Amino acid sequence: MPAFIRILAVAAIAWISPVMAADSDYLAARDAFRTGNHDALAKAQRQLSDSPLQVYAEFWQLWRRLKLPDATADVDAFLAKEKGSYLAEKLRMEWLEQLAKRSDWTSFQRQYPLLIDTPSITLQCYNWQAMMAAKPDIKLPDAVTPLWYTAKDLPSECLPVQAQLQRTGLIDDEAKWARFRLAMEANAQGLARYLAQSLNLTLNAATQQQVRDQPEVFLARFNPKQRLDRELAVWAYGRWARTNLPAALTHLEVEGDELAEQSALAWRQLAMTGARQFNADSEIWFARSESAPWSDLQREARLRLLVRLGQWPTYLKGYATMPASIRQERAWRFWAARANSAMSSDTGQTKSQRKLYGNSAQTLFAGLSNDDDYYGLLARERLGQAMGPVPEKININDADRARLAKHAGFQRAFALYGLGLRWESASEFNWSVRGADDRLLLTAANQANAMGWYDRAIYAAERTQADHALHYRFIAPYRDITQAYAKDMALDEAWVYGLMRQESRFAPKATSGAGASGLMQLMPGTAQWVAKQLGIPYSASMTNDAGQNVQLGTYYLRHVEDTLGHPVLATAGYNAGPRRALEWQPDTAMDATQYIESIPFPETRDYVKKVMANAVSYARLFGRGETKLSTRLGTIPARQMTPIQGP
């Protein structure tokens with residue numbers, strides 16, 4: 001019996017697809033395509049005739065013919081037949097590349113607007129090349145200029161577009177200097193040398209190395225009359241500040257005037273370094289750098305520091321000057337509300353000011369409270385709104401199942417997952433989610449959950465617009481295992497599930513780029529250390545076993561919480577390491593929301609917010625545990641010199 005049929009039988013949901021491809025048929029077709037065995041591919045295609053995966057064989061047959069001059073009619077027929085599908089989009093993208101390579105710009109411009117997904121940077125550059133081919137002297141739209149302002153290596157297809165930007169005057173010398181700074185920031189040394197050369201200047205690798213490794217030596221001998229040296233001095237101050245901020249500050253105070261207009265850029269470097277260290281003087285340095293161009297990253301670093309320091313009037317002034325794209329982000333709207341609220345209660349304000357600030361805070365909190373994410377939960381609590389009872393579980397009926405059974409994209413996704421093809425199945429599933437309504441999304445979530453495909457069940461349930469099914473968004477597999485180990489370690493089960501959901505979405509063999517694996521994403525060194533503490537033999541496979549992973553993970557979480565003394569600190573420490581969480585801890589007690597917002601690592605900052613908000617939802621579902629997020633977060637105590645033991 002094929003693997004997928006076995007899964008369906010065990011789950012008692014064989015209604016999903018009456019006929020599934022045998023493993024050998026689909027895999028044979030794929031292997032034939034990869035090896036270029038056209039006869040075997042044609043045979044496999046015939047054998048797949050009654051399978052939802054048959055279209056893959058058709059797709060592969062067509063893919064191998066894309067370079068042929070007579071492929072157009074067949075491509076058009078496939079795109080029409082499979083309109084809107086994942087494979088149609090994939091084929092169109094490859095077809096566009098082939099059209100561009102043969103300079104068939106007319107056909108390219110006919111197909112390009114039909115893309116559903118965001119085109120790759122290569123296709124975007126081909127599109128601009130098509131515009132240039134139609135009108136050689138065209139002044140490309142402003143939307144193209146971000147292509148220049150990057151330190152990333154771009155595909156060769158973008159070089160003609162960059163050249164056109166320079167020929168038509170959209171890129172001048174100042175734009176080259178702006179990109180030079182991006183290259184220095186990203187340590188893209190080759191790009192920095194190329195840009196210097198484009199400005200008729202010489203920059204050698206030895207000078208770059210001195211700026212990076214011996215910044216104080218470079219600053220002692222640089223020529224302030226040369227713009228290249230002044231620009232390099234900016235980054236020398238930045239490098240110096242990382243290792244000796246007081247020395248860099250003293251030097252810039254004395255010698256900064258030599259930098260002329262680059263002085264503001266140097267102050268920005270010190271401000272960014274100071275902000276990462278929570279140095280209160282960083283706001284002074286940010287103020288000295290006002291005249292320099294701002295990146296979104298720098299603007300947000302300034303706001304984050306002001307939140308940490310609780311400098312609410314300055315925060316509101318800064319928030320008001322932010323671009324609209326930043327002001328509309330939920331984080332900064334929330335903190336604008338908090339700042340307004342804090343100022344409205346300040347007895348030093350006039351009556352009219354208190355009324356203005358209070359009304360503004362209420363309005364901002366109300367706008368955030370419609371969602372149940374981290375900021376939404378906090379906003380509701382600020383408004384005094386109760387969470388209400390857990391919604392009843394949404395039942396999936398026969399009509400829902402029938403709709404799902406007829407949905408070709410979801411059927412292909414389930415079939416591919418049944419064959420153990422995680423990447424291919426997830427691609428089909430994610431694409432199918434795009435156009436699905438709430439009932440179809442919840443039916444797909446129900447099916448994925450029954451199959452043990454937990455991460456996709458969550459993925460589908462999170463994307464509903466009105467029917468939000470908490471039981472699918474916050475599924476709780478492995479409950480017996482997790483509940484038992486959480487109890488043994490005296491841990492809040494809802495918190496453990498909140499962390500596990502964020503770590504792995506309950507995929508027992510999930511792996512990260514850093515090497516962490518399993519439900520609770522343990523690094524090998526951590527797992528080995530915990531196994532030693534528990535007195536059990538260690539093997540690398542332990543982290544991919546659900547039971548052993550949760551056993552090791554809950555022990556380590558208990559250890560981190562005992563070490564740091566607070567669940568928010570422990571959550572940050574679980575992700576970034578206990579030592580870093582301790583470094584970020586304030587010297588005086590601080591509201592946990594301010595601590596979290598000021599975490600300098602974006603990944604960890606987002607992680608802590610989501611884990612703690614997840615825990616609230618699990619506590620509601622389990623019917624026990626704290627369901628008020630602000631109470632869970634509490635206050636971060638003043639830092640103690642806690643010795644860190646373990647990995």
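Predicted model: local features only at pLDDT ≥ 70, side-chain atom pairs only at ≥ 80, totals over all residues.

**Exercise 1.** Work out which parts of the chain the salt bridge between Arg 434 and Asp 117 ties together.

*Solution.* 
- Start with the contact: the two side chains, Arg 434 and Asp 117, meet at 3.1 Å, N to O.
- Now place the partners. Arg 434 sits in helix α26 (residues 422-434), while Asp 117 is in the loop between α7 (105-111) and α8 (121-134), so the pair links parts 317 residues apart in sequence.
- Finally, check accessibility: Arg 434 has 47% and is partly exposed, and Asp 117, with 28%, is partly exposed too.

**Exercise 2.** Decide whether Glu 174 and Arg 227 are buried or partly exposed, and find the network they belong to.

*Solution.* 
- The closest N and O atoms of this salt bridge are 2.6 Å apart.
- Glu 174 belongs to helix α10 (residues 173-185) and Arg 227 to helix α14 (residues 227-243), so the bridge ties together parts 53 residues apart in sequence.
- Buried means under 20% relative accessible area. Arg 227, at 19%, is therefore buried, whereas Glu 174, at 44%, is partly exposed.

**Exercise 3.** Describe the lining of the second largest pocket.

*Solution.* 
- The pocket holds about 530 Å³ of space.
- Its lining has 22 residues, and those nearest the centre include Tyr 574 and Asn 575.
- Helix α34 gives the largest share, 4 residues.
- Sorted by class, the lining comes to 10 nonpolar, 8 polar and 4 charged residues.

Notes. Residues numbered from 1 in each chain as written. Heavy atoms only, no water. 1 Å grid on protein atoms, 1.4 Å probe; cavity = no way out; pocket = protein on both sides within 12 Å on 5 of 7 lines; lining within 4 Å. Points joined across faces, edges and corners; volume = space filled by probe spheres on them. Helix = DSSP H or I, 4+ residues; strand = E, 2+ residues; numbered from the N terminus. Nonpolar A, V, L, I, M, F, W, Y, C, P; charged D, E, K, R; others polar. Salt bridge = Lys/Arg side-chain N within 4 Å of Asp/Glu carboxyl O. Buried < 20%, exposed > 50% of the residue type's maximum accessible area, 1.4 Å probe, protein only.
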